[in-house]
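Thanks for coming, everyone. Please have the sequence and the structure open while I talk.

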Amino acid sequence: MSENAIKRVVIAGGGTAGWMTAAALSKFCGRSGVDITLVESEAIGTVGVGEATIPPIGKFNDHLGINEDDFVRETQATYKLGIEFVDWGGLGERYFHPFGTYGFDLEGIEFHHFWTRQKQAGEDHSLDAYSLNALAGYGGKFMRPEKDHGPVLNKLAYAFHFDAGLYAAFLRRLSEKQGVSRIEGLIGDVEQNSESGLIEALALQDGQRIEGDLFIDCTGFRGMMIEGVYEAGYQDWSQWLPVNRAVAVACRRDGDPEPYTRSTARDAGWQWRIPLQHRTGNGHVYCDKFKGSEAAECELLESLEGEALTSPNHLRFTTGRRNQFWSGNCIAIGLSSGFLEPLESTSIHLIQSGISKLISLFPSQSEAPVERAEYNRLMSDDFDHIRDFLILHYKATARDDSEFWNYVRTMDIPDSLERKMDLLRSHGRFFKYDAELFDLTSWLAVAAGQGWGPEGYNPMADALSDGDVKGSLANMRGVLQKTVTAMPAHQAFIDRYSKAEPVSWERKKT
Ligand SMILES: Cc1cc2nc3c(=O)[nH]c(=O)nc-3n(C[C@H](O)[C@H](O)[C@H](O)COP(=O)(O)OP(=O)(O)OC[C@H]3O[C@@H](n4cnc5c(N)ncnc54)[C@H](O)[C@@H]3O)c2cc1C
């Protein structure tokens, strides 16, 4: 190890971002003699939301050596097969955005071209009929695919809904076991070297001084170091993603938990419903130009499916991202790096993405301009690609029943999205750029689900006869339905492998 090597990493913040970073760094860098310290303040607390995830989280947990059943049990988690969108394309309409893929390609041509062709010929099977995830989701079924389950069940892709506070606590236990030191205290000041500008220490209000070589800013929206010290700047994306407020409340769960998130469009935003083992998480995300906080809270409380278990938690945010994610010797991970609103549950994924890039680019000393530039480039791409996919949900709508929907339906969109939408709408063509997160299934689910496209298909799909296409599609539907029929109920699967302890809410409510 060189004399200037990174020996001390200091993580500021103990929310989901802080503890995910601590768990991963202690697993991968701890053995190479790097000390990891995490500072958090109970007086400030965490954002307290963020409970729906996407499939890559499974890999993150695997890499940390976490047993999935233990994790599900200890975080009161349920399984998630996708998101049901209600009232997005138009009032009274619904569709499922599944994880996994649709159907099977035929003769090397993507499945959806045949689906569009059959639709034009008058067949009215929705895309859901070709998605194992959608069929299982609506059927309330779940089964973990194992290696010997064959190619059909192995198409099932899944993520989790979990209690954010319990997940952070779970990762804290793991991190501390892996050698992370936790310090409780309020960071009052950040000390910089007067010549290099590098951060040298965090000064806590109780007088402690935490020195480090590399600092990870997980302080949430405030971005205490990335903005407070380095003034990295923020790209405000409100003109495309105008929601800027949320109110969240947990309620008693009635019936078995569905293995999917529900997103219901409202007149000035949308509402989430996330079923966990011990409760249901609900939140109304809206734009304050079109709706006041009292009205949003009333609408949320009136729509709850069970007794409210917590007081409404109001949050404000500005959609966008930092201009720089890594500046000096500080890397922003989590809400300090930006926030794209929770529509497709991408924030925890962006934390994971930041951590894995940091591990790949882990610097050999505090000043690392080459690694820093690459990290900033890769994270900018991650955010920009996700941004475009989120905007698609608002732009590809026929809703004209409120000022909010009129605004988003007619707003100008980024050129990168315009190009993608044109290609998809005209003949169902889709290309994934760089390491873009959302693939054809996702874009197609939203476009077709909101009645916006594709209007045509790749003419190569005409190479097969009508009879062959019809027969193949009927066969796919049959195979997928048969597989779902044989799967256990979601609740039965949880009961068997990872049932959590019941929670007494009377005690918790206070
Ligand atoms: C309305 C809403 C819904 C969301 N839903 C989802 C979702 O479904 N799925 C998803 O993936 N993501 C979601 N997110 C995002 C998700 O909540 C965050 O990505 C995640 O919780 C990480 O937050 P964080 O750790 O960056 O910040 P925080 O949770 O805010 O943690 C900040 C930490 O910094 C510490 N801190 C701050 N200042 C100081 C100081 N001066 N001294 C000491 N400590 C300090 C705090 O004590 C705290 O520990 C949602 C976000 C919002 C706003």
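Predicted model: local features only at pLDDT ≥ 70, side-chain atom pairs only at ≥ 80, totals over all residues.

I'll go through the ligand, then the cavities, then one histidine.

Every value I quote is computed from it.

Let's start with the ligand. How many residues surround the ligand? The count is 35. The closest are Gly14, Ala52, Ile187, Leu335 and Ile348. Keep Leu335 in mind, please.

Take Ala52 to begin with. A polar backbone atom of Ala52 sits 2.7 Å from a nitrogen atom of the ligand.

On to the cavities. How many cavities of 30 Å³ or more does the count give? Two.

The largest cavity holds about 50 Å³ of space. Its lining is made up of Gly334, Leu335, Ser337, Gly338, Phe339, Ser347, Leu350, Ile351 and Phe383. There is Leu335 again, which is also among the closest residues to the ligand. Two elements give two or more residues to this lining: strand S21, residues 338-339, and helix H9, residues 347-360. Which of them gives the most? H9 does, with three residues. By class, this lining has five nonpolar residues and four polar ones. Charged residues are absent from it.

Next, the second largest cavity. Its volume is about 40 Å³. Gly58, Asn61, Asp62, Ile66, Glu68, Phe71 and Phe160 line it. Helix H2, residues 56-63, and helix H3, residues 68-74, each supply at least two of the lining residues. The largest share is from H2, with three residues. What is the class breakdown of this lining? Three residues are nonpolar, two are polar and two are charged.

Last stop, the histidine. His349 belongs to helix H9, the helix that gives three residues to the lining of the largest cavity. Is His349 buried or exposed? His349 counts as buried, because its relative accessibility is 15% and the cut-off for buried is under 20%. What does His349 touch, leaving aside neighbours within four places in sequence? The contacts are Ile54, Pro56 and Leu437.

Over to you for discussion.

How values were computed:
Residues numbered from 1 in each chain as written. Heavy atoms only, no water. 1 Å grid on protein atoms, 1.4 Å probe; cavity = no way out; pocket = protein on both sides within 12 Å on 5 of 7 lines; lining within 4 Å. Points joined across faces, edges and corners; volume = space filled by probe spheres on them. Helix = DSSP H or I, 4+ residues; strand = E, 2+ residues; numbered from the N terminus. Nonpolar A, V, L, I, M, F, W, Y, C, P; charged D, E, K, R; others polar. Buried < 20%, exposed > 50% of the residue type's maximum accessible area, 1.4 Å probe, protein only. Contact = heavy atoms within 4.5 Å. Near = heavy atom within 4 Å. Polar contact = N/O pair within 3.5 Å; in protein donor to acceptor, adjacent residues only side chain to side chain.
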